[in-house]
Amino acid sequence: MDPMETPSNDRADERAVRQEWRHSMDRTADLKAAGDPTDPTVPAVAAEPPAPTTAADVPAAPAAAPEAPAAATSSSGHPAHVADPRDLVLAIRGLRVSFSGNEILHGVDIDAPRGGVVALVGPSGCGKTTLLRSVNRLTELAPTASITGEVQLDGSNIYDRGTDLNLLRRRVGMVFQQPNPFPMTIFDNVAFAMREQAKTRPSRSSLMPAVQDVLQRAGLWDEVKDNLDRNALSLSGGQQQRLCIARTLAANPEVILMDEPCSALDPRSTARIEELIVQLAGSLTIVIVTHNLAQAKRIGDYAAYLLNGDVIEQGLAQQVFEDPTEQSTRDFVSGMFG
Amino acid sequence: MPTRLSDRGGVAAAYAAGGVLVIAVTVIMAWLVWQGISTISWDFLTTGPAPGSLEQGVAGGILPALVGTLIVIVFGMLVAIPLGLGVAIFLTEYRQPNWLAKGTDTAIDLIFGVPSVVFALFGLAIFSQGWLSWLSNPVGDAGMATAQSFFCASLMMALIGLPPVVRSSQAAILGVPNQQREASYSLGKGRLTTIRRIVVPGARPGIATGIVLGIGRIAGDTAIVWILLGGAVLQSPPDGWYLPWNLVDFLRSEGSTLTTYIYFSSPAGEGNSPGPAYGAAFVLMVVILFVNIALIRLSRRKIGKR
């Protein structure tokens, strides 16, 4: 039908390896791995041939990805962009969030391996967005919020005292549901994160290479290169959302949180964003909340299913969507509710 | 239950209300223009009141009054704008501690509601203190101050110009979508940067509206001028008052504004010469209108090309 459906063997390999890893570990070993990646008790990933995959569950592979990360394979046999699936860039442990005493998340554990795409799915009101916003500490902007538990970013808890909030939010960027570019020019939107860090305001020409690079990575450069001084709000919804991604990339994050980034977009723009997400994975980690199960299947490497503030099931996306262990997950992914 | 008939009645009443307002304003404006425009001449705008004009009504021009109005506007707003914007940001973005926010809210409402003559009277008590004589002039060696000067009037004007700036800015700041703030935070920007780069620029049109309303209040106030600027309607400013080394002395002296000039020269005042009164009223209206248009235009941000 379109390039999105093209099967990719590289992706299939990568998937198999990750699934392998999932199967080889139980939850406790997983926790240990988060604390100490070199722990010898954690079983090594066995070298088994890739599991057969069908075309239907192969995720969206960009047809013309200029730097398609999946194409590169390291000597160890892992896909280059997930050097070690036990290397968790993000490990959420026992996260509880309540607003005015009303608990939304009841002790949530989520793993995000470095370079992967983690899809958070679940019915409305299950706490997906709250979970996402707790990872760059936007939740606490609400004065009634109370948060306990840990969110480990590269092994250190972001809720520790003395965490530099501004640095954290540069490391963990966010793309919102509604495209929300600032009412500025396209250039200024992208340069926003780059400016003001420096003591002196950097000149436009000194920022230009970085702005171009980021817009190229967001797949927007060719459409806007002649109009960098146009109002960002004059772009289409899909372009605005890619601009928001570019703006986030400009802060050079390790993780990007995406809160239903395509729900306000038409199918064509959605396909472009999905393509972009798959391209970006590898060089960074993406945690995406989505209402769209088909989308979660297309782009997710890992998936977590939330229901009423609890994680019901998580693991490789393929497993969660194709062969869930919990009845509730099965009902949800088969479209019984949600 | 609204029937079709009562519905029509409502529509008719709404039309009538709008119509009455439009007619009233049109009549007032037309009257002002008709009465005032014949008085307007280059001389009227650029000369001071003629000497000895007290007996024959007000002859000569309105230059000192016009200058006086502009001075109290500029100096009043110089205080009111930063203060008002600061208060608005405090009330919307911080609101901590709560008692201070509530107190500020009440204070703004009070200033908005209390007639300016009350503040003028209070100003007289304060500014006549000897240690504040640098704002006006000392009275002999009585250890008091005259309390009548452009400085004193402008400071009180700042107070009455403040509430519209605060309320308008507040509404505009609240109108900046939260998404924009969160986007800025998510890019690793702190609160202050977010306010400076996102919130205040986004609220600019509303802030400008507040400034326009504040200027309108200041330009229209008469009580503060009579009490804190003095009734020196017929007094022309000294030559070269605008020179930097004369300016401070000038600002410490008494003066007049268009509003006091209008009152003075109207049949209700001492001058009993409605012609110049209408002329001055017309000029005041044009000044306000001009400021309105200029500020609203300036506040509209043009982003990039097109």
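This is a predicted model: local features need pLDDT of at least 70, side-chain atom pairs count only at pLDDT 80 or more; totals for chains, interfaces and linings use all residues.
Chain A comprises twelve helices and ten strands. Of its 338 residues, 54% are buried. When contacts in chain A between residues at least 6 apart in sequence are considered, 70% of them link residues at least 24 apart.

Within chain A, an open sheet is built from four strands, arranged in the order β2-β1-β4-β5 with antiparallel pairing.

Strand β1 of chain A (residues 88-99) is paired with β4 of chain A (residues 145-153) in the antiparallel sense, over eight bridges. Arg93(A) is found opposite Glu150(A), a residue of β4(A). Strand β1(A) also pairs with β2(A), again in the antiparallel sense, and here the pairing extends over nine bridges. Ile92(A) has Ile110(A) of β2(A) as its bridge partner. Strands β1(A) and β2(A) form a hairpin with two residues between the strands, in which Ser100(A) adopts a positive phi near 45 degrees. In general, the strands of a sheet pair through backbone hydrogen bonds, in either a parallel or an antiparallel manner.

In chain B, attention turns to helix α13 and two of its contacts. Helix α12 (residues 258-265) and helix α13 (residues 274-299) of chain B have axes that come within 8 Å and cross at roughly 160 degrees. As angles over 145 degrees count as roughly antiparallel, α12(B) and α13(B) are therefore assigned to that class. Their crossing is left-handed. On the side of α12(B), the contact involves Leu258(B), Thr259(B), Tyr261(B), Ile262(B) and Ser265(B). These residues meet Pro274(B), Pro276(B), Ala277(B), Ala280(B), Ala281(B), Val283(B) and Leu284(B) of α13(B). By class, the contact of α12(B) with α13(B) contains ten nonpolar and two polar residues, and no charged ones.

Helix α9 of chain B (residues 204-220) also packs against α13(B), the two axes coming within 9 Å and crossing at roughly 165 degrees. The helices α9(B) and α13(B) are therefore roughly antiparallel to each other, and their crossing is right-handed. From α9(B), the contributing residues are Arg204(B), Pro205(B), Ala208(B), Thr209(B), Ile211(B), Val212(B), Ile215(B), Gly216(B) and Ala219(B). From α13(B), the contact draws on Leu284(B), Ile288(B), Val291(B), Asn292(B), Leu295(B), Ile296(B), Leu298(B) and Ser299(B). The contact of α9(B) with α13(B) has twelve nonpolar, four polar and one charged residues. Leu284(B) of α13(B) takes part in the contact with α12(B) and in that with α9(B).

The loop between α11 (244-251) and α12 of chain B contains Ser256(B). With a relative accessibility of 2%, Ser256(B) counts as buried, because the cut-off for this class is under 20%. Apart from neighbours within four places in sequence, Ser256(B) contacts Pro64(B), Ala65(B), Gly68(B), Thr69(B), Phe150(B), Leu229(B), Ala232(B) and Val233(B).

Methods: Residues are numbered from 1 along each chain as its sequence is written. Chains are lettered from A and ligands numbered from 1 in the order in which they are written. Side-chain values use heavy atoms; hydrogens and water are left out. Two strands pair if DSSP finds at least two bridges between them. Axes are lines fitted to C-alpha atoms, for helices over the stretch in contact, and angles run from 0 to 180 degrees between N-to-C directions. Angles under 35 degrees count as roughly parallel, over 145 as roughly antiparallel, 65 to 115 as roughly perpendicular and the rest as oblique. A crossing is left-handed if the near helix is turned anticlockwise from the far one by less than a right angle, and right-handed if clockwise. Contact means heavy atoms within 4.5 Å. Ala, Val, Leu, Ile, Met, Phe, Trp, Tyr, Cys and Pro count as nonpolar, Asp, Glu, Lys and Arg as charged, and the others, Gly among them, as polar. Buried means under 20% relative accessible area, exposed over 50%, partly exposed in between (1.4 Å probe, protein chains only).
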